[in-house]
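Trainee: Could you take one part of this model and go through it closely with me? I would like to follow a single part and its surroundings with some care.

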Amino acid sequence: MSRRMRWFIAGLGLGAGAGFLAAAMGTLGLVLLVVAALWASLVPPRFALLAGLLTASGAVWLLVTLRFAALCNDQPGTCAGPAIGPFLLIAAVVTAVGLGAAAVTAWMARHTVR
Amino acid sequence: MRQRRPRLALPVLILVLTAATSLPVAQVQADQPTYSFIDWRTDLAPLTNAKTWILVGRPIPGGCSYSYPAGPDVIPDGGWELRSIALDPSDCAKLMEEGTPTAFVPVTADKGTTSLTSDGEEARTLALTSSQSAWEQVVWRDILGLWLNYDVSQVDWSYNGSIVTSGSTHGHWGYRWGSGWAIDSYGNYSTWGSGSSYLRSESWSNFSNSAFCWPLPTVYTDYYYNRVWGFPDGHATRSQSSASFNECLPFHFDVYTAYGNWPGTVP
C-alpha cells in the first residue's frame, strides 16, 4: 500500500470522526472539523489526508441528513429547525470535492518524478 | 517532470463550503401569505369535537418562533389535546388541531394493582380499589438522534370506578451531560377534576444551550406542557406541546408513553 493510500485511509477515519463531532457538538465540532481540514491540507503528500477527511466527513453528513429526512418524512410534525436540503447539498459537494482531491492526489502520484 | 506546487485555493474553497453548513436558512414572510401546508400528519388518531386553526409565528434567524396559546381553563373529563397537523415553514405557519383525544394506551389487567379492604373484623362491606400509574416522556434529539433533554410527567392514582380516590404526580427532567445544555426552569403540579373525576399531572420545563450554535443565538427547547390524566376507570390520556428555537441544525422530538412507573431511562 502506498504512502498516499495510507494517508487517504487515515483521512477517512479522521473525517468520519470529525463529521460526527460537527453534527453532535455544533459550532465546536465544526471548528474541530475546520482545524482538522487545515492541518490535513498541509500534511505531505499533499491532499491525500485532506481527500480522505473531506470524503468521509461529507459522506457522514450525507448519511446523517438522509436518515434525518427519512425520519421527518415518517413522522411529520416532529422535526424543527432549518430545512435539510441545503445540508444535503453541501454534504454532497464536500464529498465530491473530497473525491476530486483524491483524484488529484492520484494524478500527482503518477506524474511525480521520484 | 517537475512537480507542481500545490496551491491553497482548494483547501480554502473546501473550508468555505464546510463552514457554510452552519448558516441558517433564510426565512421569507410574505405580506399576504397563502399558506401551502406540507408534512401533513396522516397517522394520528382522530379527535372528537375537533377544531382547526392556523398558528402564525414570526421569522427569526434559522427558523420560526411560535407563541402557543394557553390550554382551556376547564379541562374536559376526556382530556384535551392540541397538536400541529401540518406546516408551512416558508410562511411560519402551523395548522393546529384541538379536541378530545380518542386514542389511549390500552389498559392491561396485569399493570394495575387491585386490593380488597375490609371494614372491621367481620367484613360487612368490601370496597374494590385499584391503583394505576401512567407516564409520558418527551425527548428532543439532535440530527444524529442523540437525546438532548427530556421532560417526564407521571401520575399515580387510585380509583374505584366512580372517582379517583387518591393520587400523586411527579416530574422528571434531564439533559445530556457535557453537551452544553442547561435547565432554566421546570416544575410539575397536580390538578384534580371536579368531583374527583380525574387527576392530572402537568410537567413543564425550559432548556437552553448557548454554545451549540455560537456565535448564533442561544438554542432553546421549551416543554410548554406535558400532561397525563388518570381517570376513575383506570385509563389514562396524555397531551404535550413543545418546541425548539434558534436551531442551527435540525432537531427532532419523540414522545413515549406507557402505564406503570417511568423506567428512568431515555430510549
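Mentor: Strand β12 of chain B, residues 219-230, is largely enclosed by the rest of the structure, because 10 of its 12 residues are buried; please keep in mind throughout that this is a predicted model. On one side of the pairing, strand β11 (residues 199-209) and β12(B) run antiparallel to each other over 10 bridges, and one of the residue pairs you can look for joins B:R200 to its bridge partner B:W229. Strand β13 (residues 236-245) of chain B also pairs with β12(B), again in the antiparallel sense and over 10 bridges, and here B:D222 has B:A243 as its bridge partner. Between β12(B) and β13(B) the hairpin has 5 residues, and within this hairpin B:G234 takes a positive phi near 90 degrees.

From there you can turn to B:D151, which sits in strand β8 (residues 147-159) of chain B and touches, among others, B:Y223 and B:N226 as well as B:S203, B:W204 and B:S205. B:D151 is itself buried, with a relative accessible area of 0%, and its side chain makes a polar contact of 2.6 Å with the side chain of B:S205. B:V138 is another residue that B:D151 touches; the two are 13 residues apart in sequence, while their C-alpha atoms are 5.4 Å apart in space.

As a setting for these details, chain B has 1 helix and 14 strands, and buried residues make up 45% of its 267 residues.

Key
Residues are numbered from 1 along each chain as its sequence is written. Chains are lettered from A and ligands numbered from 1 in the order in which they are written. This is a predicted model: local features need pLDDT of at least 70, side-chain atom pairs count only at pLDDT 80 or more; totals for chains, interfaces and linings use all residues. Side-chain values use heavy atoms; hydrogens and water are left out. Helices (H or I, at least four residues) and strands (E, at least two) are DSSP runs, numbered from the N terminus. Buried means under 20% relative accessible area, exposed over 50%, partly exposed in between (1.4 Å probe, protein chains only). Contact means heavy atoms within 4.5 Å. A polar contact is a pair of N or O atoms within 3.5 Å; within protein, one must be able to donate a hydrogen and the other to accept it, and residues adjacent in sequence count only if both atoms are side-chain atoms. Two strands pair if DSSP finds at least two bridges between them. Lists of a residue's contacts leave out its neighbours within four places in sequence.
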